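Please look over the two-chain model shown here. A short report on selected features is given after it.

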Amino acid sequence: MKQRTQEELIYINKTAKIPYKWRTGEVWGEFFRELKENGIIYANECPTCGRKFCLPKSVCTRDHTRCTDRSKWIPVGPKGTVVSYFMAEQSFLLPTTGEMLKIPFAVGIILLDGATVIMQHQLEETDESKIKIFMRVEAVIKPKEERKGNIFDIVHFKTITE
Amino acid sequence: MANRVAIVGIGQTTHSGRRPYVNDGELIYDAATKALEDAGLTINDMEAVMAGNMDFFEGHHLNDAMLNLYSGAAGRPGFKMNTGGTVGTMTAIQGWYHIASGLYDLVLVIGWEKHDEGLVTPAISTITDPAVDRHFLVGAIGGLATVSVAYMQRSGCKLEHAAMVRANSSQAAHRNPNAHMREIYSVEDVMNARMVMYPLNLLMCCPTSLGATAMVLASESKAKKICKKPVWMKDHVTVHVEYGGAQFGIGEKRWTSHMEAGARLFKRNHITKPMVETQVFEMYDPFAFAIPMWLEDFLVCEPNEGWKHVEKGDLKLEGSYPVSPSGGVLCTNSIGDSAILRVAEAALQVRGDGGEHQVTREVKQALASGFGGSYWSDLLLLSKTMD
């Protein structure tokens, strides 16, 4: 009992739950609308350096150029190449949901066909020995009625052979 | 023209995973007092106090108040830094600005963190945008695991080399009484550790520690008057690059904040052979691949040569180019304190006050770095002499 009293004096245990509302902005808003309504993944282009961003960018970091010209958007993927990856074998708390990460969890750094800048997303393959750099993958997009206009409208990327 | 700035006082707490009877303020007091004692000064001599701490990790946002209460900063000007992995180097650099500008002669800088009070990985995940990639980062470990895989792919570095790095770090930390993880590990021990995120296993990731480091910085005239062994903050570079893919060098030219920092610092100081002209590097090395990979990225060694230096034993405490002789972030990681500790440890090496972990090579110039996951690098050049 003595021990417990002392513990209570030196620790205060609290779990905080704080609601947030994050804005996606003009460009990601349009990207998610296309993904939700038409199931198409779009890249946009920097008018100065010509880099093709997927996920799209509002401003090119290097040229400080606005990249909002909608007529310059091009559909990319859904196939792409794995440039790097990690495989989580230990679970961690996810700050966005408050849930624990379901393991094993593999994430690929993926260059979609037609884009020049990488994105990252979940890989379907969770056997580390089967994940290879430069392996080909394809986005699995949810059926239209299940899409919500967020990044999880892409379920994951499945390995393909060509 | 900036005025010259020297480190004239260094203090750090011991580092550990848990210290149940100590709160943040008490850590600050401990480190600040030690730095002031080392300088032979009191808080009343300080004209400004800079604080560095990642408040989000412990879920409090009153670290400026902690600074006032416990360091003696009340009534003095100061800033708090909250820049992730670079907190500590930025705090030291803020001190530098205030003296280099001619505003003040004596500034106290303090960095601290107390990771036993919160969860680091979910907090670090929030450096990415919740709309697009936060779910796919999984803290610093996820991001650093992907760059490790890419480094192995392009350079020929193997998992065993990362294990050698960690084994070396453990040997160094064992000789550092203030380090957190002081156990000695063999290459085999490291290889057999539990996998966290491929390719990084538990021992290849830095621990979560608590601790604080403080330094007293002084202007040239003050330093010469009050200090027998001033360490000059000769130059420093702070660089940001865009968050994203350029570091993989696929689809576009490879480009990282470390590459930019090294290029600028060495050019400005006419350093053409960093491994000769600087004699030790206290690197912010939060994962085992960092030392070989980032020696290359900082342009300290040639591309794809980093892991070969590991293999040859060059980077050990008694090697030809010791890296992180304190045991580095790999053995002690209290984030708001980690990067200022690199500067402090590099300064101790320049002074020759490294004690049991003093490198065998004579140190005239030293490098210290900080790194933030939001692609932010700090690289500092310390020197025994002013020029």
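Predicted model: local features only at pLDDT ≥ 70, side-chain atom pairs only at ≥ 80, totals over all residues.

Residues are numbered from 1 along each chain as its sequence is written, and chains are lettered from A and ligands numbered from 1 in the order in which they are written.

**Interface.** On chain B, 35 residues are in contact with 35 residues of chain A, contact being C-beta atoms, placed from the backbone, within 7 Å. The side of chain B that touches chain A has 19 nonpolar, 12 polar and four charged residues. Here Ala, Val, Leu, Ile, Met, Phe, Trp, Tyr, Cys and Pro count as nonpolar, Asp, Glu, Lys and Arg as charged, and the others, Gly among them, as polar. The elements of chain B that give two or more residues to this side are tabulated below; helices (H or I, at least four residues) and strands (E, at least two) are DSSP runs, numbered from the N terminus.

| Element | Residues |
|---|---|
| α5(B) | 120-125 |
| α6(B) | 139-155 |
| β5(B) | 195-198 |

The largest share, seven residues, comes from α6(B). Strand β5(B) pairs with β4 (residues 79-88) of chain A in the antiparallel sense over two bridges, pairing being at least two DSSP bridges between two strands. Opposite Met87(A) stands Tyr198(B) of β5(B).

**Core.** The largest nonpolar core has 176 residues, and Ile28(B), Ile110(B), Met215(B), Val216(B) and Leu382(B) touch the most other members. Such a core is a set of buried Ala, Val, Leu, Ile, Met, Phe, Trp, Tyr and Cys residues joined through C-beta atoms within 7 Å; buried means 20 or more other C-beta atoms within 10 Å of a residue's own, with C-beta atoms placed from the backbone. Helix α15 (residues 335-351) of chain B gives the largest share of this core, 10 residues. Not counting residues up to four places away in sequence, Ile28(B) touches residues including Met66(B), Tyr70(B), Ile110(B) and Trp112(B).

**Helix α10(B).** This helix (residues 257-268) has 12 residues and reaches 17 Å from its first C-alpha to its last, close to the 16 Å expected at 1.5 Å a residue. Among its buried residues are His258(B), Glu260(B), Leu265(B) and Phe266(B). Their cover includes β8, α11, α12 and β11 of chain B. Just after α10(B), His270(B) takes a positive phi of about 55°.

**Sheet in chain A.** Three strands form an open sheet in the order β2-β1-β3, with antiparallel pairing. Two bridges join β1(A) to β2(A), and Glu45(A) has Lys52(A) as its bridge partner.

Methods:
Contact = placed C-beta atoms within 7 Å. Buried ≥ 20, exposed ≤ 12 C-beta atoms within 10 Å, placed from the backbone. Expected span 1.5 Å × (residues − 1).
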